[in-house]
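Biologist: Hello! I am new to this structure; could you show me how to read its features?

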Amino acid sequence: MLSYITVRGGISLLAVRRACVLSRSAHSAPQSKHRAIKKVMVANRGEIAIRVFRACTELGIRTVAVYSEQDTGQMHRQKADEAYLIGKGLPPVAAYLHIPDIIKVAKENNVDAIHPGYGFLSERSDFAQACSDAGVMFVGPTPETVRKMGDKVEARSLAISAGVPVVPGTDAPISSLQEAQAFAQTYGFPIIFKAAYGGGGRGMRVVREYEELEENYQRAYSEALTAFGNGALFIEKFIEKPRHIEVQILGDKYGNVIHLYERDCSIQRRHQKVVEIAPAFQLDPHLRDRLHADAVNLAKLVGYENAGTVEFLVDKHGKHYFIEVNSRLQVEHTVTEEITDVDLVHAQLHVCEGRSLPELGLKQDKIRVNGCAIQCRVTTEDPARGFQPDTGRIEVFRSGEGMGIRLDSASAFQGAIISPHYDSLLVKVIASGKDLPTAASKMSRALAEFRVRGVKTNIPFLQNVFSNHQFLHSTVDTQFIDENQELFNLKPTQNRAQKLLHYLGHVMVNGPTTPIPVKAKPSSTDPVIPSVTMGATFDVAMRFLSECPWKRLQELRALIPNVPFQMLLRGANAVGYTNYPDNAVFKFCEVAKENGMDIFRVFDSLNYLPNMLLGMEAAGAAGGVVEAAISYTGDVSDPMRQKYSLDYYVKLADELVKAGTHILCIKDMAGLLKPEASKLLIGALRDRFPDVPIHVHTHDTAGAGVAAMLACAEAGADVVDVAVDSMAGMTSQPSMGAIVACAKRTKLDTGIALEKVFDYSEYWEVARGLYAPFDCTATMKSGNADVYENEIPGGQYTNLHFQAHSMGLGNKFKEVKKAYAEANKLLGDLIKVTPSSKIVGDLAQFMVQNSLTRAEVEERADELSFPLSVVEFLQGYIGIPHGGFPEPFRSKVLKSLNRIEGRPGASLPPMDFKALEDGLRAAHGDDITPEDVMSAAMYPKVFQEFKEFTGESLDTIKGEFNTNLKRGKILHIKALALGDLNKAGQREVFFELNGQLRSVLVKDTVAMKEMKFHPKAQKSIKGQVGAPMPGKVLEVKVEVGSKVEKGQPLCVLSAMKMETVVNSPMAGTIKAVHVTADASLEGDDLILEIEE
């Protein structure tokens, strides 16, 4: 070690003496002629090209840009005085590496000098030589110096000659994996591969174990070859956790070399610099002096001219090691400019013209450090996904500016297209202050001001860096990012305004989310609002209104503290359409009660007693009032219909009363209760249970609802459900006004003033006009007594009618109703309440869509692809129907599929609410509430989409309106115009948001269907499987070459909430698959082909 220091010192002194002689001769010699530069080409792109153009403009020099075919719309092309295409027909990067084209453009356009920028050809000696051969000045070192410094092995040898310490490494570039293995055996691990002819982290790989050697060698070679046109590598011993310090140097043609102090570039990710600081924070003064001296000595040894950077590693013991010389301008040169007030590009150009550093006023004793500067590289990378580059169109760009902030950018503007072809750098943000904390504070403020929408950026990650205690108050090394994983706890961006514009744009292009089969327009009259409140179905609130159902409940409870609230609980299915673990049902009831729910109306769509008892127990355990609801079907007044007889209902009521229900309810969802049946049923229940309150719910589809409810009241019912007049009738409830009026001055008098009923009704009459396109009367003009035959529940009757029109079956609705009755018989005559009613409806639409009769369905049951809901019902997923499952229909449909015996939810493992909550917090942040957890437990996908969509939902777009995001945050939005259809099937939608022009790209779903022609399945060709209905592909279960059996599931389709499993019609091998997940299909679109 002592001998090394002695040798190092001797060489250093010799180098200094040589430098002094050169300096004296330069200053005493006559000044050489200056060759003025009048036109400069930048052989680069992006922000560095614009940086050089600006310097040239300040010096009165004309500028020339070159660009690839992919960069036609880039800003650097527009910032130059002239711009020319290069590399026509070449790949994006190759265009900027095509030396002949660049030289040709330079010569044809009288270019005096070419500035290479950084990257691409900036460290290629053959490019510097080509410029010289063409008589064009190269703004950089001489070709020989570029060659020496670009060859990392030769640069290392020169450093040794200059007495600069180096890391153990190879003496020449390696050409084989065997050489790498030999080096590793000599020096041990870890080692690092580096590109011999380029930098910037490309071609750099750390290897810690022998098993990783071959793979990393291949990766480093490939990266170096792609980035620099040469895959040569050299190897060094890897220094653990060093600081990365680099010294900015500047030399002229006369042997003068100065340093402009150092930069700390230790904050790196995969050897790519992320944050740079000048000067280095808390660097030992003696070490600083040694770094400066070594950098200058090395530069003088090689006769370095123009700008360059000498890079070092500093280990934890304060020892420094030479890494490389970057013979070009660095990305981070900006921070040096900020602390020294030296314009490095100006200096480069003047040196190239032949001016000396003293002539430019650049003497070492005149260079002073003024404060601190920090640079952040804002990139279009997503730190949440391992910094995966993001591409696309910048929809919104607002930068952080103000005192102490400098921005160097090129593609950072609204409407810019971020290409996948080039570096992900979006903008360099440089903050300056009197010291590191001041500069860091300005940087934090600037980053917080940025708004970039349309592409992901690393800004949230950078903000975490600038709030990190170690970064602000101590030194950092190259492992800083890896060792501080809290930097990846990213605060999600809200992006509320842009999400709202996307939603509005979608509505403007494609219409409302729910397809509207009519052209009815909303009323322009706003209703006069009386003192009333309203709610919505649990999942509907999230799915269609984008509102939290719990928040609705909380707000209503606060407004109405003294009126009992009631909710529907689907027994063991809670508020969903599937089975849940028992603890989920109990937990839901507990949370609902805590939020203000009082009465739980518990029912089951099949009147399956085990499911009902679980729901009742859960509601009771939560402290709620239990109302057991018996779903009604059939006709107890018809002696010919005995499956659901009066005796059936009374016996079921017996079981529910024994179980402890507080209230009995008859839930007549189809409106099948006739006056006579009402008297029989309610009378029997009242006689059997004289002290139990009886509640009746019905629908008025047939028009006899008022008479039936009055009959129930006469027979002893305590409560009947009604609807305000303007919302009553048809598939809704009977008229409130009619019942109040009919009961007036009788023993059933309600005591309600009709005037108040009329005021209430008037409000809703006007309100309905606002929702005209969605109103059932848009397609349905009256009720129909045929409900006594088809037994379709009121809500489903409306939905089926609407869906039939939406799917182009409006003229076949009569067939749909008949098919519903037939489907009900096929399934064994079910109680029909959601979800059992949906099962019957799915089968009915399937029969109509495929022109199948009941007999044909029964005959072909073993080969048809039934809707998923039908298959799962037959498997026992929602319970066991009264009288059992229909045979042999069930066995033919299910074949070998499993069957559930007993209560479906009984076999499910308990739900882990803690794990669910942790997952939600990881995905959506820490503001997850117990109510959110329950929403996700009931409807995982719906809750996910609800959380992703924030902002107000508007189904009609007025020309101009205001919307409140929160207190003090008001958006003023004006819809301006729709653009033409582009090649991607999108339209640009233009808005004015708070006085600024905004636009979003929205897919035109109709146009995209027209642009894509999917082949149809030919029924005459055996083995071609077509879509049995229009829909979206949820899952493809097979691939080409798969062996399938007859009846085996092939894929799953979804449309209008109905899922269908497409089964194989034959045994064979999959020949071709024509669809992928998420593909939209029309009826008979070819899904796949099977060959025997």
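Modeller: Gladly. Let us start with exposure: buried means under 20% relative accessible area, exposed over 50%, and partly exposed in between (1.4 Å probe, protein chains only). Lys-491, at 70% relative accessibility, therefore counts as exposed. This is a predicted model, where local features need pLDDT of at least 70, side-chain atom pairs count only at pLDDT 80 or more, and totals for chains, interfaces and linings use all residues. Residues are numbered from 1 along each chain as its sequence is written, and side-chain values use heavy atoms, leaving out hydrogens and water.

Biologist: Where does Lys-491 lie?

Modeller: Lys-491 sits in the loop between α17 (480–483) and α18 (496–510). Helices (H or I, at least four residues) and strands (E, at least two) are DSSP runs, numbered from the N terminus.

Biologist: And how many salt bridges does the structure hold?

Modeller: A salt bridge is a side-chain nitrogen of Lys or Arg within 4 Å of a carboxyl oxygen of Asp or Glu. The structure holds 56 of them. In one, Glu-988 pairs with Arg-393, with the closest N and O atoms 2.6 Å apart. Glu-988 belongs to strand β31 (residues 986–993) and Arg-393 to strand β17 (residues 392–393), so the pair ties together parts 595 residues apart in sequence.

Biologist: Is Arg-393 buried or exposed?

Modeller: Arg-393 is buried, because its relative accessible area is 15%. Glu-988, with 24%, is partly exposed.

Biologist: Which residue forms a salt bridge with Lys-817?

Modeller: Asp-786 does, and the closest N and O atoms are 2.8 Å apart. Lys-817 is buried, with a relative accessible area of 10%, whereas Asp-786 is partly exposed at 23%.
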